[in-house]
Amino acid sequence: MSLYVDISKDLGSFRLSAQFEAENDVTGILGASGCGKSMTLKCIAGIMKPDRGRIVLNETVLFDSEKKISLPPQKRHIGLLFQNYALFPHMTVEKNLMTARRTVERDEKKARKAVGEMIERFYLTGLENHRPDQLSGGQQQRTALARILLTNPRLLMLDEPFSALDGYLRWNLELELMDILKEFENTVLFVSHSRDEIYRLCDKACVMDQGKSTPVVPVKTMFDEPETLAACMLSGCKNYSQAQPGWDPDGGEVRKRWVYAKDWGVRLECRHGVSGDIAYIGVRSHYIHILSDREEERPNMFSCRILRIVEDVFNMVIMVTPLNPGSDSARLRLEMPKEEWRTYANGEKGNGGDIIRVWIAPHDILLLRE
Amino acid sequence: MDWYPLYNSLRIALISSGIVFFAGVFAAYYIAKLNPVAKGVLDVILTLPLVLPPTVVGYFLLLFLGTKRPVGMWFLDQLGIKMVMTWYSGIFAASAVAFPLMYRTARGAFESFDETLAYAGQTLGLSGTYIFWRIRLPACRQGIMAGLVLAFARALGEYGATSMLAGYTPGRTATISTTVYQLWRTDNDELAFRWVMVNMAISAVVLLAVNMLEKGNRGRRKG
C-alpha cells in the first residue's frame, strides 16, 4: 500500500516538479504558500492534469503521460480535504454525508446506517439538519472529514486543514485529527506551511520550494539534519551564512571538518567532514551560547556586539553582530529562556553595545546545500 | 371580453421561459469555460438581442424563418410547418428577446460559484451530471431564478419581434401587447384599458413572487 508520484507541470512563470513516495503512514509536505503544494494534491486527485509523469497508488496507475492513462477523479478513490472544507452549502450535514456515501453504497438503508454511525463517531449528533453555514469551523471540518471517510478512500489528502481556524480551537482539532489519522489505515498526505503541525502529525515529510520537492525523510531527520537551505529555513532556523568548506582565511592548515562562515567572518569546526557542495551553514537561535568571562577560550568562539534585546513571551531574543573582519552587516539571533538570560545578565554585561563572547558547538552547525 | 390574448401570452411566455432556461444555463456554463477571446466574441453575439430594437431581432428572425427563406421554406416543404404568422411564432420571437437576460444572469451566477465544490464532488465520486444539477445549479439558484423571472417577464411583454413574426390575428396570434396596440389603434380605449389592467396585475404578481422568493431564501440562509 503506497503512493508513488513523479510529475511535472509547466505554467509559464511557475514550474511544478514533484517527486516523492509515501507509504502507509502520514507523510507531510512542508512548504510556503504558493510553492505548489496544493497543486500537487490536485494533480494526484485528478482535478488538475500534469504535463508529464506518473502517479501510482497501490499498484493502480492513476496517471501515466507516456501510456496516456489519466483516470478521472471519480475513479481514483482519493479523499481530499479542501482548505475551506467545500461542504455543499445547500445541503444539511446529513445530506452532505448521504450524498458521499451513496457513491459507494447503493442500498439506501445501509447507507443511512453508515452515515448514522459516522455522525456519532464525529460528534455531529444533533447537527444532522444543520446547514454548513450554521456550523462552527471545527464542526465543518469534522463534517468534511466524515464525508470523505464515508467513501472509503485509499488515500487521504489534507490541504492546510487548520488554516481556516485559530488558536485554541486549532489545537483541539489537531488532537482530534491525530486520533482520526491513527485509525485510518491507508496512506495520508498532509500539506502545511507550519513546521510545528508537520512535526507533530507526520511520520515522514518532504519540503517543497518553488515547485520542487525534496526526498521524503523521517520528520526527526528533517528537523535535526535539514539538508538544503530552503528546508532549513522552513524548519525554523534563523541564522545563516554563506559557507566555504575546508578553507581557512589565514592560509593555515586546511582540515576536512572546517568550514569558513563567510558572512560571519569566522572559521568553524564541525562534527563531521564538510563535503564540497556545502554552500551554507545554519545555526538555530537556541544553539548559540553566551560564554561568561570566567569560561575559557575554545574553538568556535567569537566576539559579538549586542545590538538589541527583545523580550518575548517566554524567551529573551538577543540580536548581535559578530566583530570579525567583513561581518558588519551580519545579524545573529540568539534566544534563551528568560531565567537563563537573567542569570547571565545579573553579574555581567547585558546591555546594548556590550561585547560578549558566543560559542557554537560543532554538532549544532547545520551543513546545507543550495 | 375575449380572454384568448391572455391565454396566448401566458403560454408563449411559459414555453419560451422553458426554452430560454435550458439554452441560457447551458450557454452560460460552457461559455464560462472558454478562453477569453472566444468568450468575448460569443458574449457580444448572445447579448446583442438585449440591446437591439426588437424589430431588428424580428427582422433577423424573418430572414431565417420566413416562408421564402431557407429554414422557413424547409420546414414548410418537408414538415408542412409554417414558421411565421402562427401562435407559436411568438415563441421564437419571445425566446430570442428573453434569452440574453437568462444567459447573463446565469453566467454571473456561475462565475461566482466556488469551483472547489465541484472538485470536492468529483473526488467524492459524484458524476458530472449530478454535480451540475444537484450542486452547481442549487448553489447558483438565486441568480438563475432571478434570470428566469426576468426572462419570463420579458417574454410576456414582448411586442416588436412578435408583431413581425406572428402578426395580429384575433383568436389566433393575438397576445396582450399586440391586442392593446390594436385596440388603441381602433379607438377602443375602454377595452385597451382593461387589457392594460390585466397586464399590470400579472406583472405585479410576478414581482411579488420574486420578492417572496428572495425573502424565503434569506430566511432559510439565516435558519
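Analyst: Chain B contains 11 helices and zero strands; helices here are DSSP runs of H or I with at least four residues, strands are runs of E with at least two, and both are numbered from the N terminus. The model is predicted, so local features need pLDDT of at least 70 and side-chain atom pairs count only at pLDDT 80 or more, while totals for chains, interfaces and linings use all residues. Residues are numbered from 1 along each chain as its sequence is written, and chains are lettered from A and ligands numbered from 1 in the order in which they are written.

Following the sequence of chain B, the pattern reads α-α-α-α-α-α-α-α-α-α-α. The C-alpha trace of chain B spans about 65 × 45 × 30 Å along its principal axes. Of the 223 residues in chain B, 36% are buried, where buried means that 20 or more other C-beta atoms, placed from the backbone, lie within 10 Å of the residue's own. Two residues are in contact if their C-beta atoms, placed from the backbone, lie within 7 Å. Among the contacts in chain B with a separation of 6 or more, 73% are between residues 24 or more positions apart.

Chain A, for its part, has an open sheet of five strands, in the order β15-β14-β13-β16-β22, with antiparallel pairing; two strands pair if DSSP finds at least two bridges between them. Its edge strands, each pairing on one side only, are β15 (266–269) and β22 (366–368) of chain A. Strand β16 (residues 280–283) of chain A runs antiparallel to β22(A) and is joined to β22(A) by three bridges. Gly282(A) has Leu366(A) as its bridge partner in β22(A).

Technical notes: A residue is buried if 20 or more other C-beta atoms lie within 10 Å of its own, exposed if 12 or fewer, and partly exposed in between; C-beta atoms are placed from the backbone.
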